[in-house]
Structure formats: structure tokens, C-alpha cells
Amino acid sequence: MIDALAYITGLTYPHVAANALQTLHMAAAFAGQVGQVGLFVRDLHMNRAEMAAHYGVDLGALRVEALQTSRWRLGRSRDHWYHALIGVRLLAGYRGRQLIIIVRHPRQFIAWGNRANYPHVRGWMRVYEAHDLSADGQLGDSAGYDPNASYVQTRAALTAYDHVIAVTRGLADDITALTDGRVQPEVVPLSSGLPRLDHAPTIIFDPERVLIGYVGTIDPAHGLDDAFAGLLRLPASFRLRIVGRVKDADRAWLDSWATVLGSRLEICAPVGYGDVANVIDACDLVIAPAGATLHSERYRSPLKLFDYMARGKPIIAARVPAHEELLRADQDVLFYTAGDPLDWAAQIRALVEQPARAESIARQAWARSIDHTYDARAARILTLIAAREG
């Protein structure tokens, strides 16, 4: 019987990235099902009430273990001492318990995959929750594997864990290939932390004003060029509202599109997760494009898709393997060909011209969203681990 869980990440809160949101919601979900759960973070610059409000989560019994590493003057050895201190905290606070150590962050994955680094926590189970294949982020835009460089280290670390959880089938298959079949990850997609719409959605379009919505990181790697170019192929009554973070390096790219699209493109600053439901609800339909990268096509389990489903909106998504794993064509999503703005525009128009079809798609996605909550995901991971141990 597992009675304690340590969820280890290298994050500092507050943090703007989606993985910070996912990590906090997942840790809180585990805390509702396991006796003692600690989320280990580098630094914490907000109190519990502020975290709960900003990220839209009930922290419950979750212990947030902040090591405040910004105060350390250790240079390159900071990572080593960060992990060492986690080990000390585990021994002090979790002694005598049957503990699962779940490593969430790719930079921590290599360190905790080397069991020789932490002999004092030898007896506890170690699980890696993989969101990508390499410790540095992406492998690149090729599906091939280089047995040299960082892949040797990545492969060795993968084989050292008791269990590996992957968020997509494509990622799981590539991990299996990289490890010559020694690692067979379980696939557990991500989830939504938004409240589900409390009734089956009703879809009515006003042809004089159609608002298309996108929530998430705003950059070319997310395939937004499809939407921007596609919007030019639609009548002037169609507008696109994008809400999310823009990196400085992508500001000129976005400004150039804003000049072309004018008032038809609304660019909104990111909002706290507690306000995302209102943002989605204000749109008539929502989009999930995808960039032409290995991560975007095969490894990403987009938070936005699960949020869209929970709020009962018609979804238009790029046809890439990562999306096809989650959604069923013409049942709970309308796919368009990634990289084809004309097809993007055609599918948008098809939904607006067929509101009954749009409502059917929205309702089926909403019905399936009940299986994509963080509580359900945490329960599934705990069940998989227990089954493998049994």
C-alpha cells in the first residue's frame, strides 16, 4: 500500500509555463488520494492562497516543499545540492513510509535516474513522467535516433526507473525504440483542471460575428501561422482571439501578422487559470493548431484540448498523431491538414455552416471530458503502478 508520494520538479513558482500549472494540479490530485504528498520545487515566491487562486486549484493536504535555491551561491553545483537536499528532506519527512518518487521535470530525470547518486533512498520506487524524450527538451525535428551525445545518458536514465509514464503513444513508442525495447511506458494523457460545463452544450452561431478562440503559448512552433493565414480566407465577420504568453523572440513575428490582420486579430495577455473557463466560454469555436516539430506532432498532450472539451466547445485541430490519439475525427473534433491554411479555413466554415454538426462534436467532446480530470489521471497512474508491482 503506497502511503506517501514525492513529486519532484525543478520549477520556481510563480511560473508562466503550462507545465507549472500541470505539475501543481497533478500534485494536488495525488494529495487527495495518497496519505502524504510533497511537491518539491526550487523556489516559492507566493503563499498557498495566492497559488490556489492563480492556478485555479484546491491544494488540500499537498505539502509544497520549497528549497529556495536562489539564496544559494553554488554556481554550477546548484543542481547537485538541490537533489541532495531533496534526498535529505525525504529521509527526514517520509521515513518509515512506502514512498513513490515521481520525477516530473526533464532536468531532474537524469539525476534521479542515476541510482548511485542517492543510495540513501534506494528502497523507494522511482517513476518518471515523460513529456519529451531528451533531458534538454526536444530531440529535434527528425524521428531518427542518435546513439551518441546526450542520448546515451537519456537511454541509461530511462532504464533505471521502475516505471515510465508517457503522455502520448508516439512518445512511448520512441522511448521503447531508444531503449531497444527494455522500457515499455504506460500512456497516460494529460488533463484539464477546469470545471466541466454543468450541462450538455448548445451551439448557436451568429453569422454576423463568429469569434474563434485560441488559448496557449503564442508562437510559430504551435502552428498559429495556419490560423493567421487561414483567417484571411474567411469573411470579415470571422475574428480570431488569441490569449497567452508571447516570448520576446516572437514579438516581431506576431506584430507582422497583427499589421496584416488588423482588428480581426485580438491579442490578449495571459490570464490566471481560474479565468480560462471564461475566456473559452466567450468564443464560438476553438482551435488547436500544431507546428511542424517532432514535439508538436508526436509528443505534446495539449492542455488546451482538454480545457476545450471540458467547456463544451466545437474544436478544430491539426491532424497530427498527438491529436489523433486524443480525439476522434468527425465525432468530437474536426481535423484540418496541418500546414494548410486553406483547409483550416474550410473546416472553420464547415462548422459554422452546420451548427447541428458543431453541436454534436461539442457534446461528444464534453461527454468524454469526464475521463480527463486530474483526479482521474492520478487514480489511473496509481492503479498502473500498483498493478505492475502486484
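**Reading rings, strands and backbone**

Analyst: Y13 and Y55 are both buried, where buried means under 20% relative accessible area, exposed over 50% and partly exposed in between (1.4 Å probe, protein chains only). This is a predicted model, in which local features need pLDDT of at least 70 and side-chain atom pairs count only at pLDDT 80 or more, while totals for chains, interfaces and linings use all residues. Residues are numbered from 1 along each chain as its sequence is written, and side-chain values use heavy atoms, without hydrogens or water.

User: How many aromatic pairs does a search of the whole structure find?

Analyst: Rings of Phe, Tyr and Trp (its six-membered ring) pair if their centres lie within 6.5 Å; planes under 30 degrees apart count as stacked, over 60 as edge-to-face and the rest as tilted. The search finds seven such pairs. Helices (H or I, at least four residues) and strands (E, at least two) are DSSP runs, numbered from the N terminus.

User: Why is the pair of F109 and Y161 stacked?

Analyst: Their ring centres are 5.9 Å apart and their planes are at 20 degrees, so the pair counts as stacked. F109 sits in helix α4 (residues 106-113) and Y161 in the loop between α5 (150-160) and β8 (163-166), 52 residues apart. Both F109 and Y161 are buried. Ring pairs also bring in Y128, giving a cluster of F109, Y128 and Y161.

User: In what order do the strands of the open sheet run?

Analyst: Strands of a sheet pair through backbone hydrogen bonds, either parallel or antiparallel. Here two strands count as paired if DSSP finds at least two bridges between them. The open sheet has seven strands in the order β5-β3-β1-β6-β7-β8-β9, with parallel pairing. Its edge strands, β5 (63-66) and β9 (186-187), each pair on one side only. Strand β3 (residues 36-41) runs parallel to β5 and is joined to it by four bridges; V41 stands opposite A66 in β5.

User: Which residues does the cis peptide bond join, and is D180 buried or exposed?

Analyst: The cis bond joins Y13 and P14, with omega about 5 degrees. P14 is in the loop between β2 and α1 (18-31). D180, a residue other than glycine, has a positive phi near 55 degrees. D180 lies in the loop between α6 (169-178) and β9, and counts as exposed because its relative accessibility is 61%.
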